[in-house]
Structure formats: C-alpha cells, structure tokens
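Welcome! Have a look at the structure, then try each task before reading on.

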Amino acid sequence: MSEFLPKDHPRYESIRMREHLVDMVDAKVLAPEGLIAHGRGEAFDYLIGEKTPDCVQGPIRAAAAALLCAERPIISLNGNAAALCPEAMVELAEATGAKLEINLFYRSRERIDAITKLMEKAGAREILGTDESRQGQIPEIGSERKRVDSEGILIADTVFVPLEDGDRTEALVNMGKRIITIDLNPLSRTSRTASISIMDHIVRAVPAITKAAIELKKLSKAECLTVLDGFDNNKAFAEALRFISARLEALAGEAS
C-alpha cells in the first residue's frame, strides 16, 4: 500500500481496496472504466451500511443451491471480480463444481492473459474463455461480451454473473439460462433481470455463497431443489428496497 495510507485511517479498508484496483489497472487485469464501476458500487454500499443485510441471506442460499443443482454451472469472471477476490472465486468454483470463464466488455488478449495469470496464481486449475478457436457467440449482444466459450457459458444452464452486466444478463435469460448476480445497486438492469440477485459487496457475498454451498451439500439434490424453488427474486428485490428505505428513515430520524 502507498505511504499515504495510515493503517489507523477510519476508511483504511476502502482506500486499500481502491489502491489495489489502481494496481490492477497497471497490471492490465482491470480496465480503467472498472474503477468508475467500483465507485458506483461503493455508493450503494454506504446505503446498506457496508455490511451484509439480513435480507440478502435468502438470495445467498438460493445462489448456492442453484450452482449445486445445475448440470453445467459457470462462474463468469470480469476484471473487477478477478481483481477483488480471485481466491474466493476459486473456492466458490471448487465448492460448487462450477467452471470459471473469463468474459470481458473491454476485451483484449493482453487482459485475458493477465486475468488468467492472476487466477492461476489464486489456485484456478482450468479457465475457460481463453481459447479463441473455441469461441461461440451470444445473440442479441453487440459488445465483446458476446464472445463466450462454446464449452462454457454458451452451453451452461446456470451462469454466475458477478457485478453489473445488464445486456448480457438479459440475453442469457432470454436463452433460458438461470442467472445469478451480485450487484450493490438493486435498481440496475442486472439486478432486475437476473434470476437471483444478491445486493451485497462481492468480497463479502462470494465467501458467503461458498459457505452456504458447503452446508447445502449435506442435503439431497431434491432438498436442494426445494431451497431453490422456494426462492422468489421479486420478493427479495422488494425486501432489499425496503431495507434501504428503512435504513435511510432511521438515519434521518437520528439526524433530526
């Protein structure tokens, strides 16, 4: 970390994370635009008090159940996800049997190689989305996000799309796939379109999904499906908005 960041700073962890992301831009893992996306997420993290709300426990458990019950689950990696929690993403893949696939809006060979190197260092043994000869396309998308692995996202039945990616989420849902997302902004198209939306910071949510998956693996597949079938994303969305509203009301009451 930089010499400008004292460890006793009240915003130490937040600033440390920002400095780490700047380093990841220099390392080509993260596109500069990813810094702006992270800042937008931070703003919503303030609204929920920078900790996982109780109302998110249901979506976390449903996400774990969805990955465990899937025939071909895929965890999609972008620059922010890889930069913020590479080890946690590998642990989630190992706990659920999902494969990891790199998928980028600002796609370049240089960035794919940088993310691959980072994920391999974190323990990933197989990473899809790196072989251009095995490339397929998602219809309805004009951006580079359309380029997917023909043995990965293209044939997956469940895709974990962490962080905002509205166009691809809509297109994948239209292809009949179950989509799980983590997005601090409950109003984004990603959150509104996904099958399971988790309003939380990715560094908190991914380990929580892994923990839930380890617990759910003790159940039969039928019991796991019951957990998944009992989840209502519209109800979870409403609860997330009510949580933010109630918190702001409480803060306003304290200030008045």
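A residue is called buried under 20% relative accessible area, exposed over 50%, and partly exposed in between. Keep in mind that this is a predicted model.

**Exercise 1. Find Thr-158: where does it lie, and is it buried or exposed?**

Step 1. Thr-158 belongs to strand β6, which covers residues 158-162.

Step 2. With a relative accessible area of 1%, Thr-158 is buried.

Step 3. Look at what surrounds it. Leaving aside residues up to four places away in sequence, Thr-158 touches several others, among them Ala-66, Leu-67, Pro-73, Arg-178 and Ile-180.

**Exercise 2. How are helices α1 and α2 oriented to each other, and which residues make their contact?**

Step 1. Two packed helices are described by the angle between their axes and the distance between the axes.

Step 2. Helix α1 (residues 12-26) and helix α2 (residues 33-47) have axes 11 Å apart and pack at an angle of about 160 degrees. That makes α1 roughly antiparallel to α2, since angles over 145 degrees count this way.

Step 3. The crossing of α1 and α2 is right-handed. From α1, the contact uses Ser-14, Met-17, Arg-18, Leu-21, Val-22 and Val-25; from α2, Leu-35, His-38 and Glu-42.

Step 4. Sorting the residues of this contact of α1 with α2 gives five nonpolar, two polar and two charged.

**Exercise 3. What is the orientation of α3 and α9, and how do the residues of their contact divide?**

Step 1. Helix α3 (residues 57-69) and helix α9 (residues 202-216) pack with their axes 8 Å apart, at an angle of about 60 degrees. The two helices α3 and α9 are therefore oblique to each other.

Step 2. The crossing of α3 and α9 is right-handed.

Step 3. Residues in the contact include Ile-60, Arg-61 and Leu-67 of α3, together with Ala-208, Ile-209 and Leu-216 of α9.

Step 4. The residues of the contact of α3 with α9 divide into eleven nonpolar, no polar and one charged.

Methods. Residues are numbered from 1 along each chain as its sequence is written. This is a predicted model: local features need pLDDT of at least 70, side-chain atom pairs count only at pLDDT 80 or more; totals for chains, interfaces and linings use all residues. Side-chain values use heavy atoms; hydrogens and water are left out. Helices (H or I, at least four residues) and strands (E, at least two) are DSSP runs, numbered from the N terminus. Buried means under 20% relative accessible area, exposed over 50%, partly exposed in between (1.4 Å probe, protein chains only). Contact means heavy atoms within 4.5 Å. Axes are lines fitted to C-alpha atoms, for helices over the stretch in contact, and angles run from 0 to 180 degrees between N-to-C directions. Angles under 35 degrees count as roughly parallel, over 145 as roughly antiparallel, 65 to 115 as roughly perpendicular and the rest as oblique. A crossing is left-handed if the near helix is turned anticlockwise from the far one by less than a right angle, and right-handed if clockwise. Ala, Val, Leu, Ile, Met, Phe, Trp, Tyr, Cys and Pro count as nonpolar, Asp, Glu, Lys and Arg as charged, and the others, Gly among them, as polar.
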